[in-house]
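Let's walk through this one together, starting with the overall fold and working down to single side chains. Keep the viewer open as you read.

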Amino acid sequence: MRTLRSIRGVLAQLNPLLIDGTVALVLFALMATQGSKQLQPGQHPMTPLAWVLAVLIIAPILTHRRFPRASLAVCLAALIAYAAGRYVAYPGLAVFVLTFDIVLHSRRRVALAAPFAAAAALAVSLALQPSGVVNFYTWVASELGVVVAWLAAENLRHRRARWSELQARAERLEREREEEARRAVTEERLRIARELHDVIAHSMSVIAVQSAVGHHVMDTQPLQARQALAAIEATSRSALTEMRRLLGVLRQEGEPNGSLTPAPGLADLASLVTQVQDAGLRVRIQVDGQRGPVPPGVDLSAYRVVQEALTNVIKHAASSCATVAICYRADSVTVEITDDGPAPGAGVPLARPGSGHGVIGMRERVAVFGGEFAAGPRPEGGFRVRACFPIAEVAG
């Protein structure tokens, strides 16, 4: 099979005219070789006219791709004239080759008419031959040659059409897969932007409220402090208004506005674990290091990665137990979610995490902060999701 594919690839790169010219030269050489054989009773030796007719029979092989009708007509007319002269070396092989080429390369109507025209021309040519040269087997072999050439070309034509269809379908599926992946990335980025907007909006609202309180109760402070507090209040409220106006377009139509309540973070994993355990998945939480100041955006994205990974375990892994490991460092926060694979008797899962949009979304969340993300099966079984969020770059 690989040899056939390699031969097909080499032929596809060659010039079609070179291929047709080679075939025509081989046929003419065979005809010239047969022209020197002993004459049968009633046959005539080759003359200059016979060689001209031989060229007219074989030459249409070079022109059949651009002019199939004219090429077939010239070949068959020259064939009948050659047969009428009863010359030696009857050129039936060239007719078989031309029939094959026209059926393979021409339009459907011409491809269907070519075998019948060739069979009729061969019948007339055989009828013009001397009785001692043609017998019943010659008739059967000639007509079968046309049928074999037609069937072989039709088979190759259908195979080419099917191969082209399969290639087009594969390209279309690949484009759809890429478009789906881009759509998933865009949707996830919009979701990330909306959630980050909610986080910043909450922080800005707190600043605005605190500065307003300070402005009203600090009457005993110097005038400069009062003016500074007023400037903080005006600036924070103006920034909050502008940010909501700019990022509000990221929200889809009909989607409710984000509340001013704090977004979830790694400190809220207890409630998430409770929900997951209610769904039948036991979760162990391991914490390494002392939690320090974590930017709200990083805290939220790490929480979402854990949430999405545990959801994938429930939906796809058929596992009974999962582990969430959180590692706090001075310059990073790392979360790692692993499962032990299918539980005994659970069967083989239909899909594993990583085949859908969940992993794409998690990877995008980590990429927003310039972190590192990895997801894949573990050698000992199960699946692992690891996300490392740098803190210094974001917090700084």
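Start with the contacts: of those in the protein with a separation of 6 or more, 73% are between residues 24 or more positions apart, a contact being heavy atoms within 4.5 Å. Before going further, a word on ground rules: this is a predicted model, where local features need pLDDT of at least 70 and side-chain atom pairs count only at pLDDT 80 or more, while totals for chains, interfaces and linings use all residues. Residues are numbered from 1 along each chain as its sequence is written, and side-chain values use heavy atoms, with hydrogens and water left out.

The protein has 13 helices and 5 strands; these are DSSP runs numbered from the N terminus, with helices being H or I of at least four residues and strands being E of at least two. Of the 396 residues, 37% are buried. Here buried means under 20% relative accessible area, exposed means over 50%, and partly exposed is in between, using a 1.4 Å probe and protein chains only.

Now pick out helix α6, residues 92–105. Its 14 residues reach 20 Å from first C-alpha to last, close to the 20 Å expected at 1.5 Å a residue, where the expected span is 1.5 Å times one less than the number of residues. This helix is mostly covered, with 11 of its 14 residues buried. Among them are Phe 96, Leu 98 and Ile 102, but also Thr 99 and Asp 101.

On to the charged pairs. The count comes to 10 salt bridges, each a side-chain nitrogen of Lys or Arg within 4 Å of a carboxyl oxygen of Asp or Glu. One of them joins Arg 177 to Glu 174 at 2.6 Å, N to O. Both residues sit in helix α8 (residues 136–217), 3 residues apart, about one turn of the helix. An α-helix has 3.6 residues a turn, so residues three or four places apart point the same way. Arg 177 is partly exposed at 48% relative accessibility, and Glu 174 is partly exposed too, at 36%.

Asp 288 and Arg 329 also form a salt bridge, at 3.1 Å, N to O. Asp 288 belongs to strand β1 (residues 282–288) and Arg 329 to the loop between β2 (321–328) and β3 (332–339), so this pair ties together parts that are 41 residues apart in sequence. Asp 288 is partly exposed at 40%, as is Arg 329 at 43%. Arg 291 and Asp 299 make another bridge, at 3.1 Å, N to O; Arg 291 is partly exposed at 34%, whereas Asp 299 is buried at 12%. Elsewhere, Glu 336, Arg 384 and Arg 386 are linked in a salt-bridge network.

Arg 386 turns up again around Thr 334, a residue of strand β3 that is buried at 10% relative accessibility. Leaving out residues up to four places away in sequence, Thr 334 touches Ala 325, Ile 326, Cys 327, Arg 386, Ala 387 and Cys 388.

What about the cysteines in that list? The structure holds 0 disulfides, a disulfide being a pair of cysteine sulfur atoms within 2.5 Å. For Cys 327, the closest cysteine sulfur is in Cys 388, 8.3 Å away and too far for a bond. Cys 321, meanwhile, is buried, with a relative accessible area of 3%.
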